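Keep the sequence and the 3D view handy as you read.

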Amino acid sequence: MAERRKPMQAQDKLAFLLALVPYLMDRDRVSVAEAAEHFGVEQEQLRDAVRLIAVSGIPGETNAYQPGDLFDIAWDDFEENDQIVLTHQVAIDDSPRFSAREAAALIAGLQYLTALPENADRDAIGSLMAKLARGASAAPSQLAVARSETDEVLATIRDAVIAGVQVEFDYLSSRGEHERRRVDPLRIESVDQDWYLRGWDHLRTAIRTFRLDRIDDLVATQESITYRPGDVKLPETLFTGTDEDQLVTVDVSASAIRLIEDYIPEGAEREDRGGVIRTSVRVAHFHGLKRLVAGLSGVLTVLDPPEARQVVAGWARAGAERYTGSQNVQR
């Protein structure tokens, strides 16, 4: 015979009721048996508590309890199927809530975060996304963050971070050189839709940044990492300069200067020319300017040295010629 649970004292009953309300609100549907098991009470005691909640509430403007001032449940489901479904929640419905669009944006952001290796507890993030969907003023749009070519690389690095092992890969530098690198993965960051791995590079014996779309033949090794995130200090900026970097003089709109802060060397002169800032940026190679200029079309101009201008001008000219050629073919 099952052991009968001891009756609750008054303070225990109050604590039980206070805990039961948010428990039910956090679930769309739960069985009496499951809820009773969760709180360690008899099923009949759980039913009595639900019936009490259903006649509880907060008096409205009339200072009298009207139907809209009380909790309510799906009674048929409760009486016939032993299922508890709250259909009206007192006070909570009147508090500020995310709109469907706001909730959808936050859910998309959380989906994005699940790709980061430091967010290994994806079950917790999934639970939070479900709560956002339930707590919005309307059902959020169904959406998903689009997969990219770097998803498999991200997954491998994430697993390596969790396992605490080094990764090894072929890397194509901005100079077009291929090298085999072995790295302690410390952090993954995204800038302008590009993903970057930051870690301790055993070849350079220093912190280095790697663009994921330039990584090939990535493998997680069996070698434990030498450095963990707390062992070394990562620079505040994503891009760190080296003695081999080349300086390029540019004009950039004052409103866009923050977009290139990581490329501007410390102490570089910034001359304000009526809403346009003339300053210097550092690049590993002049060809690296192409991506920078493409992302700031119309607001950034390369001035010096002449070789840098020629590289950017040639790249822009080639793109225009390809576009013109395609137009001619269509005609």
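How exposed is glutamate 179? In this predicted model, glutamate 179 has a relative accessible area of 27%. A residue counts as buried under 20% and as exposed over 50%, so glutamate 179 ends up partly exposed. Its salt-bridge partner is arginine 204, with the closest N and O atoms 2.8 Å apart. The two come from distant parts of the chain: glutamate 179 sits in strand β6, while arginine 204 is in the loop between β7 (194–201) and β8 (206–211), 25 residues apart. Arginine 204 is partly exposed too, with a relative accessible area of 34%.

Side chains of opposite charge can pair when their charged atoms come close. Which residue pairs up with aspartate 201? That would be arginine 181, and their closest N and O atoms are 2.7 Å apart. This is another link between distant parts of the chain, since aspartate 201 belongs to strand β7 and arginine 181 to strand β6, 20 residues apart. Both aspartate 201 and arginine 181 are buried.

Next comes glutamate 168, which forms a salt bridge with arginine 182; here the closest N and O atoms are 2.9 Å apart. As for arginine 182, a relative accessible area of 28% makes it partly exposed. Altogether, the model has 16 salt bridges.

## A buried charge without a salt bridge

Now look at aspartate 184, also in strand β6. Aspartate 184 is buried but has no salt bridge. What is the nearest side chain of opposite charge to aspartate 184? It's arginine 182, 7.4 Å away.

A polar atom of its side chain lies 2.9 Å from the backbone nitrogen of tyrosine 227. Leaving aside neighbours within four places in sequence, aspartate 184 is in contact with several residues, including Gln166, Arg198, Trp200 and His202.

Over to helix α3 (residues 43–53), where Leu46, Arg47, Ala49, Val50 and Ile53 are buried. Look down the axis of α3 and these buried residues fall within an arc of 160°, so they line one face of the helix.

Arg47 also turns up in a network of salt bridges that share partners, together with Glu44, Asp48, Arg51 and Asp82.

## Strands that run antiparallel

Which strand does β10 (residues 246–253) join? Eight bridges connect β10 to β12 (residues 276–283), and the two run antiparallel. Along this pairing, valine 248 stands opposite valine 281 in β12.

β12 has another antiparallel partner in β11 (residues 271–272), joined by two bridges. One of the residues involved, aspartate 272, has isoleucine 277 in β12 as its bridge partner. β11 and β12 form a hairpin with three residues between them, and glycine 274 in the turn has a positive phi of about 65°.

## An exposed glycine

The last stop is glycine 298, in the loop between α8 (289–295) and β13 (300–304). Is glycine 298 buried or exposed? Its relative accessible area is 80%, so it is exposed. Glycine 298 and serine 253 are 45 residues apart along the chain, and their C-alpha atoms are separated by 8.9 Å.

Key
Residues are numbered from 1 along each chain as its sequence is written. This is a predicted model: local features need pLDDT of at least 70, side-chain atom pairs count only at pLDDT 80 or more; totals for chains, interfaces and linings use all residues. Side-chain values use heavy atoms; hydrogens and water are left out. Two strands pair if DSSP finds at least two bridges between them. Helices (H or I, at least four residues) and strands (E, at least two) are DSSP runs, numbered from the N terminus. A salt bridge is a side-chain nitrogen of Lys or Arg within 4 Å of a carboxyl oxygen of Asp or Glu. Buried means under 20% relative accessible area, exposed over 50%, partly exposed in between (1.4 Å probe, protein chains only). The arc is that of the directions from the helix axis to the C-beta atoms. Lys and Arg count as positive and Asp and Glu as negative; His and the chain ends are not counted. A polar contact is a pair of N or O atoms within 3.5 Å; within protein, one must be able to donate a hydrogen and the other to accept it, and residues adjacent in sequence count only if both atoms are side-chain atoms. Contact means heavy atoms within 4.5 Å.
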